[in-house]
Amino acid sequence: MTAYDPAGLHLEEAGDSGPLVLCLHGIGSSSAAFAPQFAALGGSYRMLAWDAPGYARSADPTGPLTMDDYADLAADVIRARGGSAHVL
């Protein structure tokens, strides 16, 4: 399932039950990199992968982002989906 977060983030989601797993890609990648993990783990976990701000289908940031900004945004995504997650 594809969703757009209010912050302009593109999110891919799979799985309806189990612990949340938030997948964060590296530089030059996207949420698509986690397709194998979604296929393998989607039956046991709630899988969520983002396209980081400015990557793939996410909106471009309005200004420079620091590592703390990325961490805060990831924390906001986790809080919006229940407050705890494993981060990959």
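Guide: A salt bridge here is a side-chain nitrogen of Lys or Arg within 4 Å of a carboxyl oxygen of Asp or Glu. This is a predicted model, in which local features need pLDDT of at least 70 and side-chain atom pairs count only at pLDDT 80 or more, while totals for chains, interfaces and linings use all residues. Residues are numbered from 1 along each chain as its sequence is written, and side-chain values use heavy atoms, with hydrogens and water left out.

Visitor: How many salt bridges does the rule give?

Guide: The count is three. In one of them, Arg-57 meets Glu-12 at 2.9 Å, N to O.

Visitor: Which parts of the chain does the pair of Arg-57 and Glu-12 link?

Guide: Helices (H or I, at least four residues) and strands (E, at least two) are DSSP runs, numbered from the N terminus. Arg-57 is in the loop between strand 4 (46-51) and helix 2 (67-80), and Glu-12 is in strand 2 (residues 10-14), 45 residues apart.

Visitor: Is Glu-12 buried or exposed?

Guide: Buried means under 20% relative accessible area, exposed over 50%, and partly exposed in between, with a 1.4 Å probe and protein chains only. Glu-12 has 16% relative accessibility, so Glu-12 counts as buried. Arg-57, at 47%, is partly exposed.

Visitor: Where do Arg-81 and Glu-13 lie?

Guide: Arg-81 and Glu-13 form a salt bridge, with their closest N and O atoms 3.6 Å apart. Arg-81 sits in the loop between helix 2 and strand 5 (86-87) and Glu-13 in strand 2, so the pair ties together parts 68 residues apart in sequence. Glu-13 is partly exposed, at 23%.

Visitor: What do the side chains of Asp-76 and Arg-79 form?

Guide: They meet in a salt bridge at 2.6 Å, N to O. Both residues lie in helix 2, three residues apart, about one turn of the helix. Asp-76 is partly exposed at 39%, whereas Arg-79 is exposed at 54%.

Visitor: Which strands run parallel to strand 3?

Guide: Two strands pair if DSSP finds at least two bridges between them. Strand 3 is joined to strand 4 by four bridges, running parallel, and to strand 5 by two bridges, also parallel. Leu-22 has Leu-48 as its bridge partner in strand 4 and Val-87 as its partner in strand 5.

Visitor: Which residues of strand 3 are buried on each side?

Guide: In strand 3 (residues 20-23), Leu-20 and Leu-22 are buried on one side, and Val-21 and Cys-23 on the other.
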